[in-house]
Amino acid sequence: MAQQRRVQLSTQRPTSTVCVLGTELSLDVRGSAPKDAVAFHVQGTPGVKLYVVHETQSVKLPSSVCRWPLAAGTEVLLAMDALSKDVGDEKVGAGGHRQDTALLCTLASTRSFLQVRISYFGEAGGVPVARAMLYLTCVEVSLDADTSRSGAVSRTLLDKATWTWGPDGHGAILLVNCDRDDPKAKMLDNCDTAVRSYADLKDMSQMVLRTRGPRTIFTGHRLVLHVDFGNADKVGVFYGGNSVALEEYKHVLGGSKLAYAVKPSRHQEESIFYVEGLAFPDVGFSGLVAFHVTLLESPEKGFLETPIFTDTVVFRVAPWIMTPNTAAPLEVFVCSVDDNEDFVAAVGAVAEKAKCPLTVCPLPENRQDRWIQDEVEFGYVQAPHKTFPVVFDSPRDRGLKDFPVKSILGPDFGYVARQAPEGASSLDSFGNLEVSPPVTVRGKEYPLGRILIGSSFPRFGGRRMAKAVKDFLIAQQVQAPVELFSDWLHVGHVDEFLSFVPAPDRKGFRLLLASPSACYQLLKEKQEEGFGEAAMFEGLEKVPKPTINEILANESLRKFNNYVQ
């Protein structure tokens, strides 16, 4: 349905107004009618489409009906399908009503003014008892983004003010600008209000304001780009005017800046804005952000400006998406500590065979912390115009706590973190964070898989993943998390008892699940083969070394394992 605005008319003097292409004006024919008027006739110049709504029927003019009753519910609707070449000027028509017909024809033929004339009639009919003249200027104002997700901003018939998921959905996408394109910078790109490189601009989404029509109309009107107060701290908007020089790009919207008055160029019909995300979806933030442009009519002195048109476009901040370990590796990270030289060499050999780059975190950077899979988790963000990986830093913060920022964050490699104010537990390590391959569950498709996290049984208390981390994962929406009981383990990570591996058939993967019962069966077989005195953990210091016979004879241990099985 077209945006509609009501226009007051006057029989004392001509009225002028702006009509934005694609909208409707509702003319207040009854409010301006003289007391003795009972009917009216409406006439417009070419280029003005008129409709009379009477008794719930909409009749396009001209029609066989010459005069319409001034009955309750009767209204005149006006729309335009072409831009004005000039600005309508009410002064031209202020000399009286007798020459209105000639004036209407003359103006239409000489200066392309768009007008509407309302003639009012009394009971006797005949000569009009009064007339109201409306002068129109038609302009185009449109705020657009890549709502079709094609990778470019274009005009579209899609509803820009709504957003839907999926390959058949629509709506613009915004990336959290959480990488660091300038290696010399100390902060993430979205932590300041400056554009420091063209690479930084390429991480942002374009938003295009189009203005067409007589440029002088904007001397008496203002165009204001604005964002809702509740989302202003989630986005930043930059504008360079007609320049492409980096230093000309200014921060115009976001944070404490809720509105920006745009001055349309006399020579360009498009103003290009660059939008960056400052925050991922989380508690209290769905990820949806609406931008608006409003055309304001300057009032008489002492009055507020009047909004006559608003266009809206909605972005969604792209979620952080976790990658399954069944996907092809792009890079391998491993820690080098005092006693794992052979392990690092073996991982390097496998990486070389897979033709995959290997990054070794050296001892000075890991400070004897080898558990890199507990410190970080890799994912990515994606929009039609750009995709880049993002490392998720856990609240674990041990020896590797500085490694993600110092050695992973960089050009086109983003960073996000969540803290645990209540204090981190073992379940906050990211060995307790896994994701399945794409899967369908009871007919519902999860094309990006489902996140798996370990927890305790709700009714028993125990350890849980930090609320900030869990809330963040849930808020991303696209990989709906599943909680599994893992608190029965000493460390308590889901990666200690499950893993996904690629498979050539069925769903394309297999879930490998550790089984205490299978372990007992294996130990029993080894006992029967004469290995009952074989000790566990040989070569390790400061840990008990029970034999197979002792393990099988431990009834409390067996009962516990039967329970967790």
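Modeller: Before we talk about this predicted model, one convention is needed: a residue is buried when its relative accessible area is under 20%, exposed when that area is over 50%, and partly exposed in between.

Biologist: What makes the pair of D487 and R463 a salt bridge?

Modeller: The side chains of D487 and R463 meet at 2.6 Å, N to O, and since the cut-off between a side-chain nitrogen of Lys or Arg and a carboxyl oxygen of Asp or Glu is 4 Å, the pair qualifies. The two residues belong to distant parts of the chain, 24 residues apart, with D487 in the loop between β30 (482–485) and β31, and R463 in the loop between β29 (451–455) and α7 (467–475).

Biologist: How do you know that R396 and E375 tie together separate parts of the chain?

Modeller: Their side chains form a salt bridge of 3.0 Å, N to O. R396 sits in the loop between β24 (386–393) and α6 (403–408), whereas E375 belongs to helix α5 (residues 372–375), so the pair connects parts that are 21 residues apart in sequence.

Biologist: Are R396 and E375 buried or exposed?

Modeller: R396 has a relative accessible area of 8% and E375 has 1%; each value is under 20%, and therefore both residues count as buried.

Biologist: What separates D471 from K467 along helix α7?

Modeller: D471 and K467 are four residues apart in helix α7, which means that about one helical turn lies between them. Their side chains meet in a salt bridge of 2.6 Å, N to O. The two partners fall into separate classes of accessibility: D471, at 18%, is buried, while K467, at 55%, is exposed because its value is over 50%.

Biologist: How many salt bridges does the structure hold, and which residues are linked in a network?

Modeller: The structure holds 23 salt bridges, and a network of such bridges links E140, D144, R155, K160, R210, R212, E270 and D311.

Biologist: What makes the link between R418 and D282 a polar contact?

Modeller: The side chains of R418 and D282 come to 2.9 Å in this contact, and the value lies within the cut-off of 3.5 Å for N or O atoms, so the name applies. R418 is located in the loop between β25 (414–417) and β26 (433–435) and is classed as buried at 18% relative accessibility. Leaving aside residues up to four places away in sequence, R418 touches F280, D282, F392, D393, S394, P395, A468, V469 and F472.

Biologist: Why are β31 and β32 said to pair?

Modeller: Strands β31 (residues 498–502) and β32 (residues 509–513) share five bridges in the antiparallel sense, and since at least two are needed, the strands count as paired. V501 has R510 in β32 as its bridge partner. The hairpin has six residues between the strands, and R506 takes a positive phi near 50 degrees there.

Biologist: What makes β20 and β25 edge strands?

Modeller: They belong to an open sheet of four strands with mixed pairing, in the order β20-β23-β24-β25, and β20 (321–322) and β25 each pair on one side only. Antiparallel pairing joins β20 to β23 (residues 376–383) over two bridges, a count that meets the requirement of at least two. I321 stands opposite Y380 in β23.

Biologist: Which elements make the right-handed β-α-β unit?

Modeller: The unit consists of β21, helix α3 (residues 341–353) and β22. The strands β21 (residues 332–335) and β22 (residues 358–361) run parallel and are joined by four bridges, with L358 in β22 as the bridge partner of V332.

Terms used. Residues are numbered from 1 along each chain as its sequence is written. This is a predicted model: local features need pLDDT of at least 70, side-chain atom pairs count only at pLDDT 80 or more; totals for chains, interfaces and linings use all residues. Side-chain values use heavy atoms; hydrogens and water are left out. Buried means under 20% relative accessible area, exposed over 50%, partly exposed in between (1.4 Å probe, protein chains only). A polar contact is a pair of N or O atoms within 3.5 Å; within protein, one must be able to donate a hydrogen and the other to accept it, and residues adjacent in sequence count only if both atoms are side-chain atoms. Contact means heavy atoms within 4.5 Å. A crossover is right-handed if, with the strands pointing away from the viewer, the path from the first strand over the helix to the second runs clockwise.
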